[in-house]
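Here is a short briefing to read alongside the model. Keep the viewer open and follow the topics in turn.

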Amino acid sequence: MIKDIQHYPDMANPQLRPRYSGIATFFRTPLLENIQDIDVGVIGVPFDGGVTNRTGARHGPRAVREQSTLVRRYNQATKVGPFDLVRVADLGDAWLEQPYELSGALREIQAFFDKVHAAGVTPLSVGGDHCITLPILRALAREGPVGMVHIDAHCDTGDDYLGSRFHHGAPFRRAVEEGLLDPKRLIQIGIRGSLNHPDMWQFSHDVGMRVVYMEEFSDRGWRWAAEEARRVVGSGPTYLSFDVDGLDPVFAPGTGTPESGGISMIEAQRLIRELAGLDFVGGDVVEVSPPFDPSGLTAQNAANVLFEILCLLALAVKQRRGTL
Ligand code: MN
Ligand code: MN
């Protein structure tokens, strides 16, 4: 380090320096391109080859890194300090050598997460479009299907589209078919918007997923939704996938497929906090599209959702080790 720290030795830790300084990493954690001695790895997946309409989510990780530098070290509401509980690092990007070949791109993403999983690291990812969650689940669900709390305007259980089995509207159908997700331990919250055909999400119902449409959420509220999520996923290993379009476009305009009438930011924060104690094995925030986000608001809210999920993962890691 060229700079000599003279007054505050604690500032050897980049997280304790002024938040506007330094290279933007996720939450100002150290950037590691090799996995070593960490518990939770925050990972960018700059890929949007699965987008069916407005592209741009490949730029999501960089924008969320930038906005995440505003996030401080402790959760004011829950008092959780994830960086005190576990070792957190920015593992860089699962970037792609061949992004234009979709199946191969998903294999490249999986290969990255295979290594992360083999190292015993719990991944927290930032997309990218929602198709990235499929290769992440392929890596994480090796030992058997996992449950999932899925917050999104869309069920993402569509079928082949324009000749492709893989796109951001189908990852969870594929994941159920591949035995990666247990549909009976899966809840989808915030579903709304217009449809291409009336039974577009029929697969979710056919395989027994709990689908919470936005009307039910708005009638019953975030606290009820959290209780319902806890009931559905139970105590087994669970993944948390947050599509930023689950938020109302007032809070997240910068996304490829916005749908009016969505979840507010405070509802999302309180819902996620209420899930503390579940056995989360990984999580992601996807579909931030900076070209549609000139103010940075969507990336800022995504970074704050990411922090809430990080708090849950830190607690889950400690719980699995019996050290909480
Ligand atoms: Mn989605
Ligand atoms: Mn969506």
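Is strand β2 (residues 88-93) largely enclosed by the rest of the structure or exposed? Five of its six residues are buried, so β2 is largely enclosed; buried means under 20% relative accessible area, exposed over 50%, and partly exposed in between, with a 1.4 Å probe and protein chains only. This is a predicted model, in which local features need pLDDT of at least 70 and side-chain atom pairs count only at pLDDT 80 or more, while totals for chains, interfaces and linings use all residues. Residues are numbered from 1 along each chain as its sequence is written, chains are lettered from A and ligands numbered from 1 in the order in which they are written, and side-chain values use heavy atoms, with hydrogens and water left out.

**The sheet**

- Eight strands make up an open sheet, ordered β2-β1-β3-β8-β7-β4-β5-β6, with parallel pairing. Strands (E, at least two residues) and helices (H or I, at least four) are DSSP runs numbered from the N terminus, and two strands pair if DSSP finds at least two bridges between them.
- The edges are β2 and β6 (210-213), each of which pairs on one side only.
- From one strand to the next, the twist averages 15°. Axes here are lines fitted to C-alpha atoms, for helices over the stretch in contact, and angles run from 0 to 180 degrees between N-to-C directions.
- Strand β1 (residues 40-45) runs parallel to β2 and is joined to it by four bridges. Looking for partners in β2, you will find Asp 93 for Gly 44 and Ala 89 for Gly 41.

**Helices on the sheet**

- Helix α1 (residues 60-68) lies across β1, β2 and β3, and runs at about 110° to β3.
- Helix α8 (residues 265-273) lies across β4 (146-151), β5 (181-191) and β7, at about 175° to β7.

**The manganese site**

- The manganese ion (ligand 1) is coordinated at 2.1 to 2.2 Å by His 130 (ND1), Asp 152 (OD), Asp 156 (OD) and Asp 243 (OD). Donors are N, O and S atoms within 2.8 Å of the metal (3.2 Å for Na, K and Ca), and sites may look incomplete, as water is not among the atoms.
- His 130 sits in the loop between β3 (122-127) and α4 (133-140) and Asp 243 in strand β7 (residues 238-243), so this pair ties together parts that are 113 residues apart in sequence.
- Both His 130 and Asp 243 are buried.
- The donor spacing in sequence reads H-x21-D-x3-D-x86-D.
- Asp 152 coordinates both the manganese ion (ligand 1) and the manganese ion (ligand 2), which are 3.2 Å apart.

**Packing inside**

- In the largest nonpolar core, of 57 residues, Val 149 and Phe 242 touch the most other members. Such a core is a set of buried Ala, Val, Leu, Ile, Met, Phe, Trp, Tyr and Cys residues joined through side-chain atoms within 4.5 Å.
- Helix α9 (residues 297-321) gives the most to this core, 15 residues.
- A second, separate core has 39 residues, including Leu 91 and Val 286.
- Beyond its neighbours within four places in sequence, Val 149 is in contact (heavy atoms within 4.5 Å) with residues including Ile 187, Leu 240 and Phe 280.
- Gln 188 lies in strand β5 and, at 0% relative accessibility, counts as buried. Its contacts, with neighbours within four places in sequence left aside, include His 150, Cys 155 and Val 211.

**Backbone points to check**

- Most residues other than glycine have a negative phi, and most peptide bonds are trans.
- The peptide bond from Gly 127 to Gly 128 is cis, with omega near 15°, and Gly 128 is found in the loop between β3 and α4.
- Asp 156 has a positive phi, near 55°. This residue lies in the loop between β4 and α5 (171-177) and is buried at 3% relative accessibility.
- Glu 287, not a glycine either, has a positive phi of about 75°. Glu 287 belongs to the loop between β8 and α9 and is buried, with a relative accessible area of 3%.
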